[in-house]
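Open the model in your viewer and keep the sequence panel in view. The stops below go from one selection to the next.

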Amino acid sequence: MASNSITALFRPDEFFGEHSNEEAALGLPLGIVCIYSLLSAVAGYQMAALMAPMYDVALEGYGGVITIFGAIGGFIGGIIVWIVASVIFYLISMAFHGEGSVKKVLEAVGYGMAPLIAAAAIGIAYLVMIGDQVVAPVIHDIMDPTAVEQATELFLNQPVMADFTLLQTFLSVVFMIWAANIWYYGIRHARNLTTRDAGITVIIPVVIYLIIVIASYGVF
Amino acid sequence: MRHYLVLLALAIALSTGLGATGAASQIGVIDVSLDPKIFFPDDTGTVTIVIKNTGTDPVELSRVNLQGTRSIYVIESPHYTGIGRLGSGDTMTTSFTVRAGSEEGIFYPRFSLNFMPTGNMMFPVPVKVDKTQIDAGISVRPDTFMEGRKDTVTISVGNPRENALSGVTITPSTGIADVVPTSAFIGTLNSGQKSNATFSVTPTAEGVISFNVEYRNGQNRHVVSLTLPVVPGTAKRVAEPIVSNVEVSSIAGGYRITGDVSNAGLETARSVVMTTREPAEPIDPFRVYVVGALDADDFSSFEVTFAAQEAEKVPLVTRYRDDDGNLYEEITHVTIQSGMMPVAEQEGGLSPLVIGIIVLSAAIVAGALVYSRKKR
C-alpha cells in the first residue's frame, strides 16, 4: 500500500500505466484525502484559535465556536478539493472524448493529493512554532467593516504572520505543481487521453488555481 | 373760717386722690414684646411695652420706667420723664434695652408709670433666660476617608429652644481638605425644627475639619463648633481590581502580557485601563488596553505589549476611577522569565527558517518531478 503511494508520487507514469486496465480502487486515495482533510482541519483549527482573540470583545464567549468552525471548514475543504478537482478534470477531458469512469478520475486525483499532505503538515508545524508570537488585535465593533478590515490587516501584516502567509503560498504553489504532475499521468491513463489532451485537461484548472493563490498573496 | 380751710384742703385732697385713681384705671398695658423672645445668658435685647388710655379723659404722664432685677439689667432707657398727656384712646409704645445676666430662669423687671399730679402704675414683665444651645451634629460621614477621594459629610442642626433662631450658617474650616461648599446657609430655624447641610470633602492630609454653626438669637451671634477628625486610610466600600492569570510571552521586538483583571471590591471600577510603565516601554498593538467599567465581582481579559531591555520585572499598571471621577492606580510587578527573549524583529527579510523550508521543499518537488519524467 505504502509502496503504491510512493510509486504514484515518484513514478506516476509507471504506476498509473500499470493500473490503467484495472478496476478503480478508491481505498488508498480516500485514505490520502482523509489524511489531507484531517491536516487541513488541524490547520483550520490553528488559524481560528489564533484569530479567535480578535473577537473576544465583539463576540465574547464564541471563541470555542469559531475554532470548531475553523476545524470543520478545513476538513470539508479537503474533501471538496478532491471532488471538485475530479469533476473538473472529468468534464474537461470529456471535450477530448475521454473514456474512463469518474471513479478512475477520483482515484487518480486522490493519489495526486498526496504531496498536499506534506504542504499541510509543514504549515501546521510552522504555526505551532510561531503560535505564541502571534498577536491578535481586538475588534471592538464587529459591525464596523473598516475596523474588521484594519484588525485583519494588522493581524496578517505582523512579521510572523507575513512569513507564514508567504510560506503557505509558496508551499501551495510548489506542492500543487507536484500534484499536477501526478494528476497529468493519472488523468491520461484514467481517461485514455493523448499527452497533449491530458496536459490541457490538468494544466488549465491548475494554472487558474495557481494564479488565484498568487494573486491573493498580493503579487499582482 | 379755720374749719372752712380744713374742709377745703380735705376736698382738694380727695378730689386729687380720686383723679389719680381714675388715671391709673384708664391706662392699661395692651402689649409686651421681647426681642429675642427668650434670652441666652448675657444676651442683649429689647423689651417693648404698649400702653393705651382706655378712658374718656386724657391722662398726664410724668415718668415711664423699667426697673431691672438681679439678672436682667436695663442698660438703655430713653428719656421718659415729663412726656405729657396721653389722649383718650391713644396708645404709646415704650422700649428698653436690657441684658440678661449669666443665670437661667424667669425674671420680672418692673415696668412703672407715674401720673401727674400724682399716682402710679406698675407692671411686672416676665423675661425668660435659657442657655439651651442649638443642637448640631455630624449625621453622615464615611467610615474611612481616603486621600484624594471625595466623600460626603452631612451636618444636621436642630432647634430645641422655645423661640426661633435666625441666620443659621454652617462654615467649614480646615487646611487639610477641600470642602465644598465653603458655606451653607440654612436661615431661620423655628422651635423644634431641624435642617441638614451636605458638604463634599476631599482630604489631602491627616488633620481636623471644623464646622462652625453660627446663628443669631435676636441681635446676638452664637457659634457652635463641630470637629471632624480626618485620618486617611483605606475605605471599606471601594473598587479593588485584582490582576490574575498573568502570562508573559515573547513577540517580535518585545513581550506580551495577557491575563484577567477582576474587581474584588464592593464598588464599580470605572474606565479601567491596563498598561506598563518604566523600565517597560509600551509598544503597538497594545500600548494600552481599555477594559472599561468593571462591576463588583466582574472580570475581563486584557493584553498589553511592551519592550523591555535587561529587565526582570516590569510594573503592570491598572488605572481606574470611582463614581466621582477620582483616579486610582494599582501596580502589579510581573516577572519576565529568565531566558525569555523578544523575538528578533525582521527588517525587510525572511527568517532563515522560512528560507530553509522553501529551498528544501522546492528541491524535493523539483527532484520528484525530474525523477518522475526520467526515461526508463
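Start in chain B by selecting B:Pro285, which sits in the loop between β23 and β24 (288–294) of chain B. Helices (H or I, at least four residues) and strands (E, at least two) are DSSP runs, numbered from the N terminus. The peptide bond from B:Asp284 to B:Pro285 is cis, and its omega is near 10°.

Before the next stop, some ground rules. This is a predicted model, in which local features need pLDDT of at least 70 and side-chain atom pairs count only at pLDDT 80 or more, while totals for chains, interfaces and linings use all residues. Residues are numbered from 1 along each chain as its sequence is written, chains are lettered from A and ligands numbered from 1 in the order in which they are written, and side-chain values use heavy atoms, with hydrogens and water left out.

Now select B:Pro279, in the loop between β22 (269–276) and β23 (281–282) of chain B. A cis peptide bond joins B:Glu278 to this proline, with omega at about 15°.

**Where the chains meet**

Show both chains and select the residues in contact (heavy atoms within 4.5 Å). Chain B contributes 27 residues and chain A 29 residues. Together the two chains bury about 2,500 Å², 70% of it on carbon and sulfur atoms; buried area is the accessible area (1.4 Å probe) that two parts lose on being put together, summed over both.

Next, select β20 (241–251) and α2 (352–372) of chain B, each of which supplies at least two residues of the side that touches chain A. The most comes from α2(B), with 12 residues. By class, this side of chain B has 17 nonpolar, 6 polar and 4 charged residues. Here Ala, Val, Leu, Ile, Met, Phe, Trp, Tyr, Cys and Pro count as nonpolar, Asp, Glu, Lys and Arg as charged, and the others, Gly among them, as polar.

How many salt bridges are there between chain B and chain A? The count is 0, where a salt bridge is a side-chain nitrogen of Lys or Arg within 4 Å of a carboxyl oxygen of Asp or Glu.

**The largest pocket**

Move to chain A and select A:Tyr36, A:Val81, A:Ser172, A:Tyr209 and A:Val213: of the 35 residues that line the largest pocket, these are the closest to its centre. On a 1 Å grid over the protein atoms alone, a pocket is an open set of points with protein on both sides within 12 Å along at least five of seven lines; a cavity is a set where a 1.4 Å probe fits but cannot get out, and lining residues have an atom within 4 Å of a point.

The largest pocket holds about 970 Å³ of space; grid points are joined across faces, edges and corners, and a volume is the space filled by probe spheres set on the points. Colour α4(A), which gives the largest share of the lining, 9 residues. The lining has 23 nonpolar, 12 polar and no charged residues.

Select the residues lining the largest cavity, including A:Phe16, A:His19, A:Lys104 and A:Glu107. Its volume is about 50 Å³.

Finish at A:Asn192, in the loop between α8 and α9 of chain A. Phi of A:Asn192 is near 55°, a positive value in a residue other than glycine.
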